[in-house]
Amino acid sequence: MSLRNMGIAMENSSTARHRAPALDRVLSPVHRWVWRNTERRVQKLLRFSETEIGGGRDILRAAEVTSDPLLRRLYMLHAVDEHRHGTLFRRRASALLRATSSAGARTFRADWLSPAGHGLDELNVANESDDTMLAFLHVAEKSAAARFTIYRDVLHSDPATQAIFEEILHDEMFHMNYTLSQLVRVSPDRHRWQLWRARLTRLWKAYLRLATALAGVIGTMILTIQYFVVLPLFAFLAKRAERREKTGWHPVAAGRNPSEY
Ligand SMILES: [Fe+2]
Ligand SMILES: [Fe+2]
C-alpha cells in the first residue's frame with residue numbers, strides 16, 4: 001500500500017469540497033483583479049515556482065536529518081511533490097509568455113495581495129525537531145491550501161492555469177493532512193502547543209515583514225518631504241542671506257579676529 005493511501009489523514013482530501021477562508025472569499029474580487037493581467041500572472045507563476053522548488057529543497061534536507069523512517073519517506077514524497085509543483089508553475093508561465101507579445105513588461109506584481117502559499121522559505125531545517133518541523137509544515141501547508149483554493153476559484157478566465165492549481169491543491173491537502181497526523185503521532189501530548197507556537201511564529205514573521213515594508217514607505221515619505229519642503233526652505237534662507245552680503249572686499253570690524261601681530 002502506498003504512503004498516500006495508507007490512511008494518513010486523507011479523509012478530507014476532496015479539493016472540490018474545500019472552500020477558501022471567509023476573508024479570502026470576501027477579497028475574491030481583489031484576487032480576480034490581481035490574476036486577470038497576463039504579465040502579472042506570468043510573474044506570479046514564476047515566483048510561485050521558485051517558492052515551491054525552494055520549499056522542496058528544504059523538505060529534502062528535513063528527510064536527511066530526521067531519524068524517523070516513516071517521516072523520511074513522507075518527506076521524500078513531499079519534496080518530490082513540491083519540486084513537481086514548481087515545474088508545473090514554471091511550464092505554465094513559459095506557455096503564457098510564449099502566447100503573449102509583451103514579454104518582459106514590468107507590471108505591479110501585488111505580491112502582498114496574492115502571496116505564494118507556503119512561506120517555506122522561512123524554514124531553518126537545522127534548528128527544527130520532528131515535532132516543530134511537522135507543526136511548521138502543517139501551518140504552512142494549510143495556508144498554501146487556502147491560498148490555492150481562492151486562486152483556483154478566481155481563475156475561470158484561464159482554465160489551463162486553473163487546472164494546475166486544482167492539481168496542486170490536491171497535493172497540498174495531502175501535505176496538510178499527513179503533517180497533522182504525523183505530528184499527533186510523534187508528539188501526542190504537545191501537538192496542540194506546537195501548532196500554536198508555529199502559528200504565532202508565522203504571525204510574528206508576517207508582522208516583521210509588514211513592519212519592514214512600512215518602515216521603507218515611511219522612510220521614503222520623510223526623505224521626500226525633506227527634499228521638497230525642508231531643503232527649499234534652507235535654499236531660500238541661504239539666498240536671502242547671500243543678498244544681504246555686500247559684494248566685493250570690505251573692511252572687517254576692528255574687534256573681530258584681533259591679530260597678535
Ligand atoms: Fe506545493
Ligand atoms: Fe505542499
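Me: Where is the kink in α7 centred?
Reply: In this predicted model, α7 has a kink of about 35° centred on Q226, the bend at a residue being the angle between axes fitted to the seven residues ending there and the seven starting there.

Me: What does α7 span, end to end?
Reply: Helix α7 covers residues 191–244, and its 54 residues reach 77 Å from first C-alpha to last, close to the 80 Å expected at 1.5 Å a residue. Helices here are DSSP runs of H or I with at least four residues, numbered from the N terminus.

Me: Is F228 buried or exposed?
Reply: F228, which lies in helix α7, counts as exposed because its relative accessibility is 57%; exposed means over 50% relative accessible area, buried under 20% and partly exposed in between, with a 1.4 Å probe and protein chains only.

Me: And which residues of α7 are buried?
Reply: Those are H191, Q194, L195 and A198, and the buried residues of α7 pack against α5 (130–154) and α6 (159–186).

Me: What does Q194 touch?
Reply: Leaving out residues up to four places away in sequence, Q194 touches D131, T132, A135, L183 and S187, where contact means heavy atoms within 4.5 Å. Q194 counts as buried because its relative accessibility is 5%.

Me: Which conventions apply to numbering and confidence?
Reply: Residues are numbered from 1 along each chain as its sequence is written, while chains are lettered from A and ligands numbered from 1 in the order in which they are written. Local features need pLDDT of at least 70, side-chain atom pairs count only at pLDDT 80 or more, and totals for chains, interfaces and linings use all residues, while side-chain values use heavy atoms, leaving out hydrogens and water.

Definitions and conventions:
Helix = DSSP H or I, 4+ residues; strand = E, 2+ residues; numbered from the N terminus. Expected span 1.5 Å × (residues − 1).
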